[in-house]
Amino acid sequence: MKLKKVLALALAAAMTLSLAACGGKTETPADTNTETPVEDTSDAAEPEAPAEDAEEADDSADAAAPVEGVPTYSQVNVGTDYTDLTATIKWLHHKTDRAEDGTIDGLIAEFNKVYPNITVDAEAITDYAEDSLLRLSAGDWGDIMFIPAVDKSELATYFQPLDSLENMSKEINFADGWQFDGTSYGVPYMANAQGVLYNKAVFEAAGITELPKTPDEFLAALQAIKDNTDAIPLYTNYAAGWTMGAWDAYVGVVSNGDDTYMNQKLVHTAEPFKDNGDGTGAYALYKILYDAVANGLIEDDYTTTDWEGCKGMLNRGEIGTMVLGSWAYAQMVEADEHGEDVGYMPFPMSVNGTQYALAGGDYNYAINVNASDDNKTASMVFIKWMTEESGWCFNEGGYTVAKDGKNPDMYAAFDGCTVLSDQPSLAGEETFLNDVNAESELSINAGGNAKVQRIIEAAATGSETYDDIMADWTAAWNAAQEELGIEVNN
């Protein structure tokens, strides 16, 4: 593992990329561009089985009996196959809140009603992004984990191939998040719609009758909240650190309407932080935060924000808005007695009058390549049950991962949005974005919380202008491109 650079990216991930915006026709991932695995409805060829299971390549996903050896994801018939398998597997995850409130234990108990002989030992890690990398490099992590920020070229070193990308794309949405050379190594435990949490009662009291669709409209809404209510207009969550990385999720589809931008074009762009002059692009995105801070539309002391405490504050109407992925919605609803007031809206940016929503997977389950065959099989069964039978994704407010799943009512505000999923990297360029992120230390969509905290600090103190920050980011990006020999397109 390129541990030095990987650790530079490690503070990434408690939520990772995902989705949002509205405008014209609503397109679910199953309806949009069929070039993305998320939306692929074409008849794909039968996948090749992993080398160790080559003799099973002809077995179909509909086989009446379990395959011998380690099955692929599509070969498991959940609920009927391997019900007599005996194994003890360990699952490493970051959901400390769901470990503490009993949700994880409850899910495992339901799983054991179908698979009574598979024991699942779950371990929750608080600083998962960094600690999981250390555990991975030491080999001390168990059988299932959520994939941390590793180079995609090294996936096969650590993780069991789950299925071919073609075959996996028939089974789940967002199958390409952790794929390499046509093989999927991960399954999202849930997916997100990157938008904005807001309190409906606060919006009503502030006189906001329509959800904002542009940066200017959003800043005007924040000002109305400040002028007409006692609520904090925008809660930054600065002190938590990792929460700052949420802003990166809107750099691609949401800010420019281009589903090839994030994974194919960004690394080749000469000026990714230039002002387009029309409220689009990364410049306009991050400027929302700078202007909100500069205009006093955030908490009184950003250094003392409280991640756990803010959940109840938004629930009770003490906070107007927070920029976080849809994964946080359920936590805000459950935090106090006013869950009906918690809403989720598309991010306030429009491209030629259309708002776009980016749908994408959160952390991905993966299986230890060095586990025993029985443990690999038990892990595959558990992952598929969790994805397709447990209801966890739906109950957490997640965008559906299962092809036949449904989305929670919280996404009603996204009606009219054009929903897209990021296209995968071009062949041969799978590691380019990771490399430029690490070399530039900007870590876009890879734990780049420090750079976003810098925006808040500069706007609050007047130590740097916004344009100075954007120029510095551009210089760092260009230097990384030159160091790595990345072709640059003006």
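I will call a residue buried when its relative accessible area is under 20%, exposed when that area is over 50%, and partly exposed in between, using a 1.4 Å probe and protein chains only. This is a predicted model, in which local features need pLDDT of at least 70, side-chain atom pairs count only at pLDDT 80 or more, and totals for chains, interfaces and linings use all residues. Residues are numbered from 1 along each chain as its sequence is written, and side-chain values use heavy atoms, with hydrogens and water left out.

Cysteines, then. Cys310 counts as buried because its relative accessibility is 0%. Cys393 is also classed as buried, at 11%. A disulfide is a covalent bond between the sulfur atoms of two cysteines. The criterion here is a pair of cysteine sulfur atoms within 2.5 Å. How many disulfides does that rule give? The count is zero.

Next, some loop residues. Helices are DSSP runs of H or I with at least four residues, strands are runs of E with at least two, and both are numbered from the N terminus. Gly207 sits in the loop that joins helix H7 (200-206) to helix H8 (215-228). Is Gly207 buried or exposed? Its relative accessible area is 52%, so Gly207 is exposed. Its C-alpha atom is 8.2 Å from that of Ile225, 18 residues apart along the chain.

Two asparagines have positive phi. Asn237, in the loop between strand S10 (232-234) and helix H9 (253-256), has a phi near 60°, positive in a residue other than glycine. With a relative accessible area of 2%, Asn237 is buried. Asn445 is not a glycine either, and its phi is positive at about 60°. Its loop runs between helix H16 (432-440) and helix H17 (449-461). At 18% relative accessible area, Asn445 is buried.

That brings us to H17. The expected span of a helix is 1.5 Å times one less than its number of residues. For the 13 residues of H17 that comes to 18 Å, and the end C-alpha atoms are 18 Å apart, so the two agree. Which residues of H17 are buried? They are Asn449, Lys451, Val452, Gln453, Ile455, Ile456, Ala458 and Ala459. These buried residues pack against helix H11 (281-294) and helix H18 (466-484), where contact means heavy atoms within 4.5 Å. After H17 comes Gly462, with a positive phi near 75°.

That is the end of the list; I can take questions now.
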